[in-house]
Amino acid sequence: EYASSRLSSWTDLPARALVWWYKAVVDKAPFDSMPVRLWNWLTHNVIKHEMLRYFAEATDWSKRLTSILPNRKFVELITLVHDVKKDLGLEYAYCWHALTGYWLGVDPKSPGMKRYDPVIQYPCISPHFDYTPGMAQLEPTMLWNPSSFAGIPHPAAKILVFFSELHQSLRDAGIDGVKVDAQAAITMLGVNYGGGAAITRAYVHAMEKSVKEIMGGNCINCMCHPIENLYSYKETNVARASDDFYPREPASHTVHVYNVAYNSLFLGELVQPDWDMFQ
């Protein structure tokens, strides 16, 4: 839909044809089929810049954290939190962040992130094709995901420092807890760090230590269903059990609740399942 809205003149016909081919053929093809292989080659060798522009303009998936401090939209975060609690009678205010900072990690060029010595990792062994066995079969779009194009910079050497300073900044503003999202991503960044299980355990334990000491343990774990994540929890026990909820797609509502209920049967043995949003 985004691409179609941007393609309005006759000179865009080749791009329109490419969009149609992706939706009609590639999106429905098996992961190891020729259409998927050809699309993967095109995204990395011909239309890479166009793909990155799409992710930057139409989504948040290519954005990175530039500072642990509030940006210009939340200059007086402490005042906002105070007013919201007072006006709406809220007892708790939580803040969202990804396990690696933001959707595509932290910005290694940002002055606010350089002090954490971020390293750029790709979700594969040798960019951009040698993925963990089964990864491409389960989620073929990972092959042309922003992380495959640009990597995910993360503060591997100073994880605890990063979380502690981030959480302290939020606590000073009156935030009571955090929802830590995109946790599954770290499982794919274990090369040179002992593997996915080892780096996941290091991140989860550092995050939990910070949350326990600064936020009183108030944490909702999110998008964390890999075994590497679930078996790493020691100090936090709430985890989202659902996939994303689409309120404008009624056909998805029943199956959404159905899936969450089944997920909870397994997850409930390890964590307190959070059903997030549903109707």
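**View 1. A cluster of rings.** Trp-21, Tyr-22, Trp-39 and Trp-144 are joined into a cluster by ring pairs. Rings of Phe, Tyr and Trp (its six-membered ring) pair if their centres lie within 6.5 Å; planes under 30 degrees apart count as stacked, over 60 as edge-to-face and the rest as tilted. The structure has 12 aromatic pairs. This is a predicted model: local features need pLDDT of at least 70, side-chain atom pairs count only at pLDDT 80 or more, and totals for chains, interfaces and linings use all residues. Residues are numbered from 1 along each chain as its sequence is written, and side-chain values use heavy atoms, leaving out hydrogens and water.

**View 2. Tyr-116 meets Phe-162.** Here's an edge-to-face pair, 5.3 Å centre to centre with 85° between the planes. Tyr-116 sits in the loop between helix H6 (111-114) and strand E2 (119-121) and Phe-162 in helix H9, so the pair ties together parts 46 residues apart in sequence. Helices (H or I, at least four residues) and strands (E, at least two) are DSSP runs, numbered from the N terminus. Tyr-116 is buried at 2% relative accessible area, and Phe-162 is buried at 0%. Buried means under 20% relative accessible area (1.4 Å probe, protein chains only).

**View 3. Phe-163 meets Tyr-203.** This pair is edge-to-face too, with 6.1 Å centre to centre and 90° between the planes. Phe-163 belongs to helix H9 and Tyr-203 to helix H10, so the pair ties together parts 40 residues apart in sequence. Both Phe-163 and Tyr-203 are buried.

Methods
Buried < 20%, exposed > 50% of the residue type's maximum accessible area, 1.4 Å probe, protein only.
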